[in-house]
2 protein chains.
Amino acid sequence: MQRFFVNPEEIQGQEVVFAPARSRQIARVLRLKNGQNCMVLDNRGGELLVELTQVEAGACRAVIVERAEAQRERIDLLMLLSLTQREKFEWMLQKCTEVGVSTFQPVITSRSLVQQPVQTIAKYERWKTIIWEAAEQSARSRLPELLPPAGLAEAVAEAARRCQRCLIPWEGEKARTLKGALAGPAVGSVALFIGPEGGFAEGEVQQAVNASFNVVTLGRRILRMETAAVVSAALVLHELESTEADDGGTGSSGPIG
Amino acid sequence: MQRFFVNPEEIQGQEVVFAPARSRQIARVLRLKNGQNCMVLDNRGGELLVELTQVEAGACRAVIVERAEAQRERIDLLMLLSLTQREKFEWMLQKCTEVGVSTFQPVITSRSLVQQPVQTIAKYERWKTIIWEAAEQSARSRLPELLPPAGLAEAVAEAARRCQRCLIPWEGEKARTLKGALAGPAVGSVALFIGPEGGFAEGEVQQAVNASFNVVTLGRRILRMETAAVVSAALVLHELESTEADDGGTGSSGPIG
C-alpha cells in the first residue's frame, strides 16, 4: 500500500487534505483512484489508514478510516557525512534513509569536496525530497531530519551532545570493531562519522576522539566512502536492533495491523 | 600501496611481467615510477611485494622482493543477483565485491528486466573489469568469480550444491532473521538470493525453498534491490566473521606484514 508522510496542517479532523505537490503525485504519477486506501504518516508517531475521497491533480482529499500508532523506531542513528560529489552524496542520503538513519549532518572536513556551506544550502530542497521519497518507499515510520551543514568541530560536539555512543570508522584502527564498540549497556542513540573520500586529514580523527568519538574498524577490506556509509549504518542498527530482539523487547509499540 | 591481481602467466620466476593493459595502467594512469613498490596478488593465495624495474606504457616489469601468504578469506559468499538494469547491476557488482562477496551468479527470474542470457554475455568483459578494479581497490585477497547467467531452477540447485546455508531475503517473511538463520554450527559458505525489483513471482520463492533455501527477513524496512544486496552481504559476513573473531580463530593464516 502506498505510504505518504504529510505535514501536520494536511490533517484536518477526520480528513487529510493533501498539499498541491502531493495531490499531483497521487493523481498524475501514481494514478490512484477514488475509494483506494493508502497509509498516511504524520511523522509524530501516528499512522493513518485513509480512503481517497477526491482525486484531482490540484487537490486530493481522503477520509481517515483508522488511526494507529506507527511502529516506533527505537534507535536514533545520526550520520555525519562529509560533503562530497553530488551523486555520491545523494546516493548516501537515499540508501541510509532506507537502512534506517534518523538524522543527517553534512560535514565540511578539510578534504571534503565542498568547502562552503552556501554551495550546499541551495541543494537542501532536493536532498529533503530524496530523503522523503526514500522514507516512504522503505516504509519508515519517521522522516529523517537533515541538519544544516557544519564544520568538523561543531558537528562532533553536537553529535556528542545528542548521542550516547559516537563512532568514527577509520582505516588506521585495527582492533576495535563496531560490535565491540556497541557492547555493554543498551544504547539508544549512536553517531557515525563517515570521512571524505581522501580520508580524514591529520588531526581530524583526534579532534573527533577528543569530542568523545570512538575509532572503529569496519574490517580488513577498504570500503569506498558511500559503501562505508550504508554498510556501517546497517551494521549499527543490526547490532542494536538484534540485541533488542534478543531481549524480547518489543514493548508496547510492537507491529501494528 | 597499489595492489594488482595478475594472471598466473604474468609471474615468471622472480619477476612479474605485466600484461599490456596493466602496463598501460601502471605507466599512464597511475604514473608509477621505477623503484616503487607495489603488491601483486596471484589470486591463488600468494601476495607478492614487488619493486618496479621497468615502466613503459606497453611493458612493465617488477622484481619480487618478498613472497607472503595472502590473508585467507574464510567465508564463501555466493550472491545470486536477478538481472536488472545496467547501472544497478554494475553497482551491485562493485559494492558487493568491496564488501567481500566471493562469487556472483546472475539469475534470470520471471521479473528480471533481462530475459535472454545472450544479452548478458556481451557485458561479461565489462563486469569482470568492474569486479577486478573493486577487488584491488578494497584490498581483497581473492578476485570474486562471475558465473555465467542461469535460470532460477539451475541457479538455486547449483547454490545448494555449493553452499552450506542458502538464504533468500523476502518481504513475506516476518520472523526468521539473518542472525537466526546463521546461528548454530559454524558455517563456511553461504548463498544469498536477491530478488528482482518487482519482487519474486508466485512460486519462485517456493522453488528456492524446495532447493533448500531458507526465507529470511532483513527487518521491517523495505530495501530496494541494490540496497538489499549490499546490506545483506555485509550482514552475513559480519555475523560469520565476528563469530570467527569471538572464537579467537585467526589460525595459521592471520594478518601478514
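Two strands pair if DSSP finds at least two bridges between them, and strands (E, at least two residues) and helices (H or I, at least four) are DSSP runs numbered from the N terminus. This is a predicted model, in which local features need pLDDT of at least 70, side-chain atom pairs count only at pLDDT 80 or more, and totals for chains, interfaces and linings use all residues. Residues are numbered from 1 along each chain as its sequence is written, while chains are lettered from A and ligands numbered from 1 in the order in which they are written.

**Exercise 1.** Find which residue in S5(B) stands opposite Cys38(B), then follow the strands onward.

*Solution.* 
- Start with S4 (residues 37–41) and S5 (residues 46–54) of chain B, which are antiparallel and joined by five bridges.
- Here Cys38(B) faces Val50(B).
- Four residues lie between these strands in their hairpin, where Asn43(B) has a positive phi near 60°.
- Next, S5(B) runs antiparallel to S6 (residues 61–69) of chain B, with eight bridges.
- Glu47(B) has Ala68(B) in S6(B) as its bridge partner.
- Six residues separate S5(B) from S6(B) in their hairpin.

**Exercise 2.** Decide whether Arg126(B) is buried or exposed.

*Solution.* 
- Recall the cut-offs, with C-beta atoms placed from the backbone: buried means 20 or more other C-beta atoms within 10 Å, exposed 12 or fewer, and partly exposed in between.
- Arg126(B) is exposed because 12 other C-beta atoms lie within 10 Å.
- Finally, look at Glu90(B): its C-alpha atom is 9.0 Å from that of Arg126(B), though the two residues are 36 apart along the chain.
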